[in-house]
Amino acid sequence: MEGNGAMNEKQSGGRVSIGTSSLILIFIILSLTVFGLLSLSSAGSDWKLAQKNAEAVKGYYEADSLAVEFAAMVEEVLSRYSRQTDDEEYLRLVKEELGSFFQEETNIVRTDIEMLYGQMLHVELEIDREEEAGYRILCWNIYHSVDYEIDQSIPVWTGSW
């Protein structure tokens, strides 16, 4: 009988030790799994943000390229009529050639080039016959063309249907 009691003590003592280590191992595995999934989620979000940023940068440089082409077109028009000695005749010919881009009262040529996400690239060139290109850059910047309002209303249940 003594043999059976000693055997039962060894078996029950071993079970407690195996159960504790198993619980710790399960907790460690669950923790690593959760941290792995969080890392995977974070990496996916970072990838989406990087893609969106690359798209925005590409859109900006496409718009900037169009703005440079616009400035080159204006420079070509201005150089074509720069031989005119009369300022009034020069401005009349420039107005005729550039149309609605040219603001007669301020001698400014302007355009807006559409970009992504409701943004526009605004370019203003002031005609200056003393400059080598025939103009001076006044403005070359991005602005939001779409005004948006942030919804700050919070739907709170007042207790009635």
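Mentor: Two residues are in contact when heavy atoms of theirs lie within 4.5 Å. The model is predicted, so local features need pLDDT of at least 70 and side-chain atom pairs count only at pLDDT 80 or more, while totals for chains, interfaces and linings use all residues. Residues are numbered from 1 along each chain as its sequence is written, and side-chain values use heavy atoms, with hydrogens and water left out.

Trainee: Leaving aside neighbours within four places in sequence, with which residues is Met 115 in contact?

Mentor: Met 115 lies in the loop between β2 (108–114) and β3; helices (H or I, at least four residues) and strands (E, at least two) are DSSP runs, numbered from the N terminus. Once neighbours within four places in sequence are set aside, the contacts of Met 115 are Gly 59, Tyr 60, Ala 63, Met 120, Leu 121 and Ile 142.

Trainee: Is Met 115 buried or exposed?

Mentor: The terms rest on relative accessible area: under 20% is buried, over 50% is exposed, and partly exposed lies in between (1.4 Å probe, protein chains only). Met 115 has a relative accessible area of 10%, so this residue counts as buried.

Trainee: How far apart in space are Met 115 and Lys 58, C-alpha to C-alpha?

Mentor: In sequence, Met 115 and Lys 58 are 57 residues apart. In space, the C-alpha to C-alpha distance of Met 115 and Lys 58 is 9.8 Å.

Trainee: Why is the pair of Tyr 60 and Tyr 61 called edge-to-face, and what is the angle of their planes?

Mentor: Rings of Phe, Tyr and Trp (its six-membered ring) pair if their centres lie within 6.5 Å; planes under 30 degrees apart count as stacked, over 60 as edge-to-face and the rest as tilted. A search of the whole structure finds 2 aromatic pairs. In the pair of Tyr 60 and Tyr 61 the ring centres are 5.1 Å apart, and the pair is edge-to-face because the planes stand at 75 degrees.

Trainee: Which parts of the chain are linked by the pair of Phe 70 and Phe 101?

Mentor: The ring centres of Phe 70 and Phe 101 are 5.1 Å apart and the planes stand at 65 degrees, so this pair is edge-to-face. Phe 70 is buried at a relative accessible area of 8%, whereas Phe 101 is partly exposed at 32%. The two residues are 31 residues apart, and the linked parts are helix α1 (residues 2–81) and the loop between α2 (87–98) and β1 (102–103).

Trainee: Over the ring of which residue does the charged end of Lys 52 sit?

Mentor: A charge sits over a ring if NZ of Lys or CZ of Arg is within 6 Å of the ring centre and within 35 degrees of the ring normal. The charged end of Lys 52 is 5.4 Å from the centre of the ring in question, which belongs to Tyr 117.

Trainee: What is the phi of Tyr 117?

Mentor: Most residues other than glycine have a negative phi. Tyr 117 is in the loop between β2 and β3 and is partly exposed, with a relative accessible area of 44%. Although Tyr 117 is not a glycine, its phi is positive, about 60 degrees.

Trainee: Which residues are linked with Arg 80 in a network of salt bridges?

Mentor: A salt bridge is a side-chain nitrogen of Lys or Arg within 4 Å of a carboxyl oxygen of Asp or Glu, and the structure holds 7 salt bridges. In one of them, Glu 97 pairs with Arg 80, the closest N and O atoms being 3.0 Å apart. This pair links distant parts of the chain, with Glu 97 in helix α2 and Arg 80 in helix α1. The network joins Arg 80 with Glu 76 and Glu 97.

Trainee: How far apart are the closest N and O atoms in the salt bridge of Glu 126 with Arg 136?

Mentor: Glu 126 lies in strand β3 (residues 119–127) and Arg 136 in strand β4 (residues 135–144), so the pair ties together parts that are 10 residues apart in sequence. Arg 136 also forms a salt bridge with Asp 128, with closest N and O atoms 3.0 Å apart. In the salt bridge of Glu 126 with Arg 136, the closest N and O atoms are separated by 2.2 Å.
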